[in-house]
Structure formats: C-alpha cells, structure tokens
Amino acid sequence: MADRGRPRGFDRDAALQRAMEVFWERGYEGTSLSDLTTAMGINAPSLYGAFGSKEALFREAVERYRHTDGGMTDLALREGKTARAAVEGMLMAAATALTLPGKPKGCFVVLGATNCTPANQPMAAFLRTHRLASTLRVRERLEQGVADGELSPDIDLDTLARYFTTVVQGMSLQARDGARRAELERVASAAMAIWPR
C-alpha cells in the first residue's frame, strides 16, 4: 500500500547517518533534540515522523553503527581461520575502527550511554546488552578454538573472553583520549602476548 500524505522531503538514510555520528560523539544524554535536528537538516516534527522518538532514533543509530563502522571487529572475529587469528584480528580491527578519519573516536556502543539519569536507564541497559553480547561472541569463538584442539579444555574461557573484551573497551577510551591507530595496534599486540601456549 502506498504511503499517504506528502512525500518525505529529506533522505532518511543520510539523516540517520548524521544522527548516528552525533550520538556517537556526544552520547545519548549529551545530545539534544536541537543537536539532532541541526545535524540531520530537518525539523522536530520531521524527526518524530520519520523515527518516532529520540530513543527510537538512538536505537536505530546503534544498529546502523553495528552494521557499518562498528561492525569491523565482529567481522574480523568471524573470519579468523583460528581462534588466535580471530581474536588478534578483532583487536587490530578495533584499532582501525576506533580511530577512523573524519569520524568520532572510540566505540559508540562503549561510550554512548555509560552515565545516565534514572529516566534514561533503558538506553544504558540497551548498550549494556550489546556489550555483553560482544563478550559472548568472543567466548563462542574461543569455545570453537577448544573444539578444534587449538586451546586446552582447561582454559578459563569466561575470563579470557572478558579480558579481550576489556582490552577493546579500554582501547575505545584511549582512542577518545587521542590515541592513534598505531598506538592501539601496539596495545593489541601486547594483549596477544597472554595467549595461552
């Protein structure tokens, strides 16, 4: 069925990209409706008409991030031929993704809603769910390493998965504070030094 009413006078996809970058740079609470409408080049009624609410726009922006700039680490984790190559690839991809030229520094999912008022706790919980899912994906890749005989079945997979996830999250903060890609790559290499022999 065709949409009724006036056709939308803006590119929704481009507006979502701009909203994503504003949320990524300033976080959920640090981004005002005025910030969004200015960046997106639309007025508030158009924003609500296209996205429903600031919260809904934030959720959609996070999903866009996870499937674009923020998806590099998951892709590397999936494509590694061995568990070691997958984890090292994830860390190196993080060094790149967290320092993309012309983009906000750090990880949107890590930094987007860490300190929220009680009214905005659903946004903090939403990102926490994504962060926990990242740790689970690392653990699952390590489990495959055990199944393939690459890692000992005695390895504490929970701790190892949390360790590598913590390294990525720490790299995110370092990137926000100005660390360059080469510096983060050295951190990634140092983190791999603990890989079980």
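Mentor: A residue is buried under 20% relative accessible area, exposed over 50%, and partly exposed in between (1.4 Å probe, protein chains only). This is a predicted model, where local features need pLDDT of at least 70 and side-chain atom pairs count only at pLDDT 80 or more, while totals for chains, interfaces and linings use all residues. Residues are numbered from 1 along each chain as its sequence is written, and side-chain values use heavy atoms, with hydrogens and water left out.

Trainee: Okay, let me try one. Is R181 buried, partly exposed or exposed?

Mentor: R181 has 43% relative accessibility, so it counts as partly exposed.

Trainee: Partner in what sense? What does R181 form with E185?

Mentor: A salt bridge, meaning a side-chain nitrogen of Lys or Arg within 4 Å of a carboxyl oxygen of Asp or Glu. In this pair, the closest N and O atoms are 3.0 Å apart. Both residues sit in helix α10 (residues 181-192), four residues apart, which is about one turn of the helix. Helices here are DSSP runs (H or I, at least four residues), numbered from the N terminus. Elsewhere, salt bridges that share partners join E21, D69 and K103 into one network.

Trainee: How many salt bridges does a search of the whole structure find?

Mentor: The search finds 13.

Trainee: Which parts of the chain does the pair E60 and R12 link?

Mentor: First, their side chains meet in a salt bridge at 2.6 Å, N to O. The pair links distant parts of the chain, with E60 in helix α4 (residues 54-67) and R12 in helix α1 (residues 12-26), 48 residues apart. E60 is partly exposed at 26%, and R12 is partly exposed at 25%.

Trainee: And where do D158 and R139 lie?

Mentor: Their side chains also meet in a salt bridge, at 2.5 Å, N to O. D158 is in helix α9 (residues 157-176) and R139 in helix α8 (residues 121-147), so the pair ties together parts 19 residues apart in sequence. D158 is partly exposed at 41%, and so is R139 at 22%.

Trainee: Now the inside. Which residues touch the most other members of the largest nonpolar core?

Mentor: A nonpolar core is a set of buried Ala, Val, Leu, Ile, Met, Phe, Trp, Tyr and Cys residues joined through side-chain atoms within 4.5 Å. Of the 57 residues in the largest one, F58 and L91 touch the most other members. The largest share of this core, eight residues, comes from α9.

Trainee: What does L91 touch?

Mentor: Contact means heavy atoms within 4.5 Å. Leaving out residues up to four places away in sequence, L91 touches F164, V167, V168, M171, A188, A191 and M192.

Methods. Helix = DSSP H or I, 4+ residues; strand = E, 2+ residues; numbered from the N terminus.
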